[in-house]
Amino acid sequence: MNTEFKNVTWIDHPLVQHKVSLLRDENTSSKDFRQLVSEIATLMCFEATRDLPLKEVEVKTPVGMANTNIIAGRKLAVVPILRAGLGMVDGMVALIPGARIGHIGLYRDHETLQPVEYYCKLPHDIEERDVIIVDPMLATGGSAIDAVSQIKKRNPRSIKFMCIISAPEGIKAFIEAHPDVPVYTAAIDKCLNEHGYIVPGLGDAGDRIFGTL
Ligand code: PRP
Ligand code: URA
């Protein structure tokens, strides 16, 4: 796996890698697939929030005063790319329950593989928020690039992009379009096939999450 892309973090934690392997298996049921996507999102969120700033506070324990750290009041927003990104939301808010949730509706045109926009609803105070966009798949990169471009127009504090499986072609296109946006991925696969699917990938993430195969 090429892990040398600039601004791309490969989440190589054994728990994540194990769960991604189960996710790829064509025999994994929709129920288990949904559960795994959510669990992987939680584990990846742990890594993607590693740089949140802390501030020192004083807390009275039953034994004495402790100088200890809390997150320094950063506001977060999680923005799933519909549909498949929805599968990652519960896993994210398990760790960051105060996050607001925006939604971006995009689907890939099957012929052109270009993203088609159909919905965008973001928190009204997005300018004060650090945004994490989530989508299990980064294939050609078109959907992720478009989602970031839409959100950039609303001037959030920062943007990160988190996906479970990516293709080298999509990573390269994304870095070229948005070199300032960090990417977190659990796998960088071999290539895309002639239909724009990631090889070996896991198939169509939306269909596997929602049982619409
Ligand atoms: C999938 C996936 C990404 C997109 C990735 O969504 O969830 O959003 O494809 O492909 P790209 O990098 O080439 O743009 P899809 O268009 O199948 O829509 P769905 O989630 O509604 O099924
Ligand atoms: N979207 C998916 O769901 N899977 C792929 O392999 C590519 C795009």
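Where does ligand 1 sit? I looked this up before anything else. Ligand 1 sits in the largest pocket. A pocket here is an open set of points on a 1 Å grid over the protein atoms alone, with protein on both sides within 12 Å along at least five of seven lines. A molecule sits in one if more than half of its atoms lie within 2 Å of its grid points.

I note that the model is predicted: local features need pLDDT of at least 70, side-chain atom pairs count only at pLDDT 80 or more, and totals for chains, interfaces and linings use all residues. Residues are numbered from 1 along each chain as its sequence is written, and side-chain values use heavy atoms, without hydrogens or water.

**Ligand 1, contacts.** I checked its oxygen atoms. One is 2.4 Å from an N or O atom in the side chain of Asp135. For the side chain of Arg108 I find 2.7 Å to an N or O atom. A polar backbone atom of Ala84 is 3.1 Å from a ligand oxygen. Taken alone, ligand 1 exposes 500 Å², and the protein buries 91% of that (Shrake-Rupley method, 1.4 Å probe).

**Asp189.** I found Asp189 in the loop between strand 11 (183-188) and strand 12 (191-192); strands are DSSP runs of E, at least two residues long. Asp189 counts as buried because its relative accessibility is 9%, and buried means under 20% (1.4 Å probe, protein chains only). Its side chain reaches the backbone nitrogen of Gly201 at 2.8 Å.

Methods: Chains are lettered from A and ligands numbered from 1 in the order in which they are written. A polar contact is a pair of N or O atoms within 3.5 Å; within protein, one must be able to donate a hydrogen and the other to accept it, and residues adjacent in sequence count only if both atoms are side-chain atoms. On a 1 Å grid over the protein atoms alone, a cavity is a set of points where a 1.4 Å probe fits but cannot get out, and a pocket is an open set with protein on both sides within 12 Å along at least five of seven lines; lining residues have an atom within 4 Å of a point. Helices (H or I, at least four residues) and strands (E, at least two) are DSSP runs, numbered from the N terminus. Buried means under 20% relative accessible area, exposed over 50%, partly exposed in between (1.4 Å probe, protein chains only).
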